[in-house]
Every structure is written in C-alpha cells, then in structure tokens.
Amino acid sequence: MDIIESKVNYDAWERKEIFNFFSELSDPFYMIAFRQNVTKLYHFTKQHHISFYYALVYLCTKAINSIPAFHYVIRQSDIYYLSERIPSFTDIKKGSELFHIVTMPCEKSIIDFCNQAKELSQNQTIFLEKSMEKDSLIYFSCIPWVDMTAMTNVHELASEQARDESIPHISWGKYIKHDDQFELGISIEVNHRLIDGLHVGQFAEALTRFIDELM
C-alpha cells in the first residue's frame, strides 16, 4: 500500500491555535479508556473461524482511518496529512513467552486480513521489521489474560522530537461475558497537539458502527 502524503499549509490550518497551545507542554500525550461491546464481533469470528484479535485490529484500523484527525503527523516543524494508517500489532506464537510485532496493510476483507495476519505472524522469525517503522502506523497491543481497564505506553522522552510522536496507541484486554453480551476495555493514547477528546469519541462511535455492520 502506497501512503499518499500532503504537507499542510500551517498558516491556514484551522487547528493552528490549539496545536500551538499543546506544543508548549513537555508531555502532550493523554489516554482515554472505554468499555466496548464486542458481542457481534465475537460471534462473527466464531462463525468464520478467524482470530478475534486480528479482527479487532482490522476494525479499529478502519475506524481510525475513517476520521480525518487521525491522519495528521508531525515532522519537526511541519505537519503532513496521510492518506492511510497501517496497523502494527504485537503477537505471540503458541507455547512462547516472547512476543513479536507484525506490521501489514489493512486491505481487502476482514477475513482475508485475519488469514494473512495469521500466516505472516507464524512465519515471522524476527522481533520487528525495522524498515516498516514509520509514522503512518497505528500501534496495537493486547493483554488477553486480564480484564484491562487502561494501559499506558512507552515513549522515547529523551529525544528532541519526543513530543512529535503522532502514532495512536490502542490496547485492550480479555473480553468478559455479562449474560449474553461480551465486552472489553479499550485504551487509546494520542497526542493532544493533533487529536482531541471529540475525535476519540468519533473513533469509539465508528468502531461500534463497524462491529454492528458485521454480517
């Protein structure tokens, strides 16, 4: 997948004043956590014999890419708008305690993505493909052993460009059954220079919509 990027005219950018305000902070990152009903997704993955984890990565990626605010990245003194973001997610092989990171485009159908992710992960022999590390990613991780309520993330704070990190971090825990419904906690961490609570709310709404639309 070729990512198309365009440089933003900063002087005409409607977000310039808000961006400048949060640029004064040494730590402009914040995290929001919320409960997500995943009942339809649970049944869909069981019906089609695909990974619940990969399927949720796919739907979260689609939800993020449906919201323009998540397409912006900071590159030193410039702002760029990207055509697409790509998921980069932790995974672990059966019987292992060591995780690795899989990065791949979110293309075709949800079933195709899950099957391709499974094959790619099983065949991966390195921890991380560094050539894929770009600011167009979305970082995903999962803690399926606990009912996670929220999770912070690591950052390279010593870097001069630490405050420029523009990659959303999305995490979740195990799903819990309540009566006949399944839900889990989702945590998302973003840079306030680019993304506000309104946009996180739009992400949550879009994710719910994509889950509800599963056949």
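The legends below describe close-up views of a predicted model.

**View 1. The largest pocket and the residues around its centre.** The largest pocket of this predicted model has a volume of about 1100 Å³, and 42 residues line it. Tyr53, Phe89, Thr90, Asp91 and Phe140 are the lining residues that lie nearest the centre of the pocket. Two or more lining residues come from each of helix 3, strand 5 (86–92), strand 6 (99–103), helix 4 (110–123), strand 7 (137–143) and strand 8 (169–173). Sorted by class, the lining of the largest pocket consists of 20 nonpolar, 14 polar and eight charged residues.

**View 2. The largest nonpolar core.** Nonpolar side chains tend to be buried together in soluble globular proteins. Here the largest nonpolar core holds 54 residues, and those touching the most other members are Leu41, Phe89, Ile170, Trp172, Ile188, Phe203 and Leu207. Helix 3 supplies the largest share of this core, with 11 residues. Phe89, one of the residues with the most contacts to other core members, is also among the residues nearest the centre of the largest pocket.

**View 3. The surroundings of Ile188.** When neighbours within four places in sequence are set aside, Ile188 is in contact with Tyr30, Met31, Ile32, Phe34, Ile64, Phe70, His169, Ile170, Val200 and Phe203. Among these partners, Ile170 and Phe203 are, like Ile188 itself, listed with the core residues that touch the most other members.

View 4. The C-alpha atoms of Tyr81 and Ile4 are 8.3 Å apart in space, although the two residues are 77 residues apart in sequence. Apart from neighbours within four places in sequence, Tyr81 is in contact with Ile4, Glu5, Ser6, Val8, Pro68, His71 and Tyr72.

**View 5. Two loop residues with positive phi.** Most residues other than glycine have a negative phi. His49, which is not a glycine, has a positive phi near 55°, and its place is in the loop between helix 2 (39–48) and helix 3 (52–65). With a relative accessible area of 71%, His49 is exposed. Gln76, likewise not a glycine, has a positive phi of about 60° and sits in the loop between strand 3 (72–75) and strand 4 (78–82). Gln76 is exposed as well, with a relative accessible area of 60%.

Notes
Residues numbered from 1 in each chain as written. Predicted model: local features only at pLDDT ≥ 70, side-chain atom pairs only at ≥ 80, totals over all residues. Heavy atoms only, no water. Helix = DSSP H or I, 4+ residues; strand = E, 2+ residues; numbered from the N terminus. Buried < 20%, exposed > 50% of the residue type's maximum accessible area, 1.4 Å probe, protein only. 1 Å grid on protein atoms, 1.4 Å probe; cavity = no way out; pocket = protein on both sides within 12 Å on 5 of 7 lines; lining within 4 Å. Points joined across faces, edges and corners; volume = space filled by probe spheres on them. Nonpolar A, V, L, I, M, F, W, Y, C, P; charged D, E, K, R; others polar. Core = buried A, V, L, I, M, F, W, Y, C linked by side-chain atoms within 4.5 Å. Contact = heavy atoms within 4.5 Å.
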